[in-house]
Amino acid sequence: MPRLTLYDKLWNSHVVRAEPDGTTLLYIDRHLVHEVTSPQAFEGLKLAGRKPWRMDSVIATADHNTPTQHWDRGIEDPTSRVQVDALDRNMRQYPAKAYFPFRDQRQGIVHVIGPENGATLPGMTVVCGDSHTSTHGAFGCLAFGIGTSEVEHVLATQCLVSKKSKSMRVSVEGTLPFGCLAKDVVLAVIGRIGIGGGTGHAIEYAGSTIRGLSMEGRMTVCNMSIEAGARAGMVAVDDKTIAYLEGRAFAPKGERWPRAVAYWRTLVSDPDAPFDRTVALDAASIAPQVTWGTSPEMVTTIEGRVPDPDRERDPLVREGIERALAYMGLRPNTAISDIRVDKVFIGSCTNSRIEDLRVVASVVKGRRKAAGVKQVLVVPGSGLVKAQAEREGLDRIFTSAGFEWREPGCSMCLGMNDDRLDPGERCASTSNRNFEGRQGTGGRTHLVSPAMAAAAAIEGHFVDVRRLG
Amino acid sequence: MQPFRLLTGVVAPLDRANVDTDVIIPKQFLKSINRSGFGPNLFDGWRYLDRGEPGVDPATRRENPDFVLNQARYRGAQILLARRNFGCGSSREHAPWALLDYGFRALIAPSFGDILASNSLKNGLLPIVLTEAEVDRLFHACVATPGFSLTVDLERQTVATADGSQLFAFDIDAFRKHCLLNGLDEIGLTLQHADEIRAFEARHLAEQPWLV
């Protein structure tokens, strides 16, 4: 018997046909759709006189453009409204399995609502016109981001033309130190293998640290696979996967449940299955992470300092550091804990779930944001997350601390709505990208965990959350 | 899709590693529901000194004279020479749409973000991978030679300098090459296998009925 990786199993079970050179027609089970990357795909379909193949594979929502306050006023930005209206129209013409439009209680970030509704299941192929689709791999499925032409291709054929990636196992072993979260794990992984380290690979995260994470923590880790260049990240199915899914809206029910669970239990890599590349990290060596530059690989710990480009030998890397420091307005050798922040953003498909909000609340309870911090946005990942947080009273902890409690959406992770950084503003952010201009033209982003973002909001600068007490 | 066979064009050197798709086309320009019109905002944050917003007439913008694409010698370039991991990050197909709309037909780099490479191929924009050393040589030649141009021959899978003194071979997936050479509609090709897809689907959904 060949020893197969989880990736092998997921791939093999979806091959419709394969050419001798490996070009494969891969069947797609779940297609997640949002308003930014789908209008041209639906338009292309119509222009070619084609119909969608299987709309009951589609779960759709509006998340990127939607405002996070004053919902009674609708979407005031006319260009944002055009995209959301286009999705509304397309969903009326081609009804999906589920559509959670703007202001629906189950609306939210596409990568939050899929899992929370049980629409992401083990063994599936999951695609979306969004690079953070890797999030769903936490459930033992093959999930990856696609472009708009591929969105149209999946709509029209329920398949993608693809070639298998190489496989990489990232093992993290041991107990995660106090104060460290899933976000610190994945930032440490990216710091190790680099922003291009996973290019051409599908990553399986394994080891006792990963198994020790909750499903939400695993989603955070898989979410940022693309920040290491990997289109897909995944974690094997275990008891936690199954416990999380039981009873969710679109999860199998009745006699189908035990049948599904029996199959899902096979979705693990065989012992000694070969990987093209393996990387090992020791959890004990991980400390709270903070990015200092304009790429997620430009990361250090809260105890670290901004690097000195003069000490870098590779000229391309040195110039990259120099440009990043100029953009970020940072001097070499500055202690990370001396960097002050103007704004704090808590949200995004990386860190906007209920456990993230509980962590933030546990840090800020009974405290207030520092006077020098202009704004702290807390943006839940979905309407359901928001309702849960309010049932637990977390919203009152946030507002008492001077934070703004907003409506769900992608918000300031990429600032397609009104939530943005102004030029030169510095932000501690729980999101996934610190690229130039990502959170607003000229904005300066430092990626951190929810605990570290909360601590920075309270102290006004980066601070070791382990010492905040 | 516009076929790609033979291209001779001026080369513009973008000497930075890890250029992400947020930089190639910033988010405020993703609100269009069309596939064209993104060219004026390609590399918007680097190309202009003023802040770019949708709907602003490009003629009124203040160009950044230091940005490579604004230098007279690189105007009209059709080949973009870049460093490793070009086009990492977001899956936005608006990035290749913007590169094409600007006038680029081919990209040369030591490596590309997976999604950008895939999106480019589907739009007739050819991403060519050469080694770090080859790309380095091209950067030196490009900067040293005003009007430096290259000829890309997709059929033969080669990149050549105008005087023929340097010739580089590149790899490309046979299926992608076939689609590019002939400007084929990939959906049409896939639908030729519709019966196989239906047969697979029937079996697959019977085995896992919870997928519906």
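Predicted model: local features only at pLDDT ≥ 70, side-chain atom pairs only at ≥ 80, totals over all residues.
**Arg30(A)**

I then looked up where Arg30(A) sits, and found it in strand E3 of chain A, residues 30-33.

Which residues does Arg30(A) touch, leaving aside neighbours within four places in sequence? I listed Ser57(A), Ile59(A), Ala119(A), Thr120(A), Met124(A) and Val126(A) as its contacts. I also checked Leu121(A), which is 91 residues away from Arg30(A) along the chain, and their C-alpha atoms are separated by 9.0 Å.

**Chain A as a whole**

Chain A has 15 helices and 19 strands. Its radius of gyration is 21 Å, close to the 23 Å that the globule rule gives for 469 residues, so I noted chain A as being as compact as a globular protein of that length. Along the principal axes, I read a box of roughly 55 × 55 × 45 Å for its C-alpha atoms.

Of the 469 residues in chain A, 61% are buried. I looked at contacts between residues at least 6 apart in sequence too, and 77% of these in chain A join residues at least 24 apart.

**Chain B**

For chain B I found 8 helices and 7 strands. Its C-alpha trace spans about 60 × 45 × 25 Å along the principal axes. Chain B has 212 residues, and 44% of them are buried. Among its contacts with a separation of 6 or more, 67% come from residues 24 or more positions apart.

**Where the chains meet**

How many residues of chain A are in contact with chain B? I found 59, and they meet 50 residues of chain B. Several elements of chain A supply at least two residues each to this side, including strand E1 (15-18), helix H3 (78-93) and helix H11 (315-328). H5(A) gives the most, with 6 residues. By class, I noted 21 nonpolar, 26 polar and 12 charged residues on the side of chain A that touches chain B.

**The nonpolar core**

Last, I looked up the largest nonpolar core, which has 206 residues. Those with the most contacts inside it are Val344(A), Leu81(B) and Ile108(B). I followed up on Ile108(B): beyond its neighbours within four places in sequence, its contacts are Ile79(B), Leu81(B), Ile128(B), Leu130(B), Val135(B), Leu138(B) and Val159(B).

Methods: Residues numbered from 1 in each chain as written. Chains lettered and ligands numbered in written order. Helix = DSSP H or I, 4+ residues; strand = E, 2+ residues; numbered from the N terminus. Buried ≥ 20, exposed ≤ 12 C-beta atoms within 10 Å, placed from the backbone. Contact = placed C-beta atoms within 7 Å. Core = buried A, V, L, I, M, F, W, Y, C linked by C-beta atoms within 7 Å. Rg over C-alpha atoms; globule rule 2.2 N^0.38 Å. Nonpolar A, V, L, I, M, F, W, Y, C, P; charged D, E, K, R; others polar.
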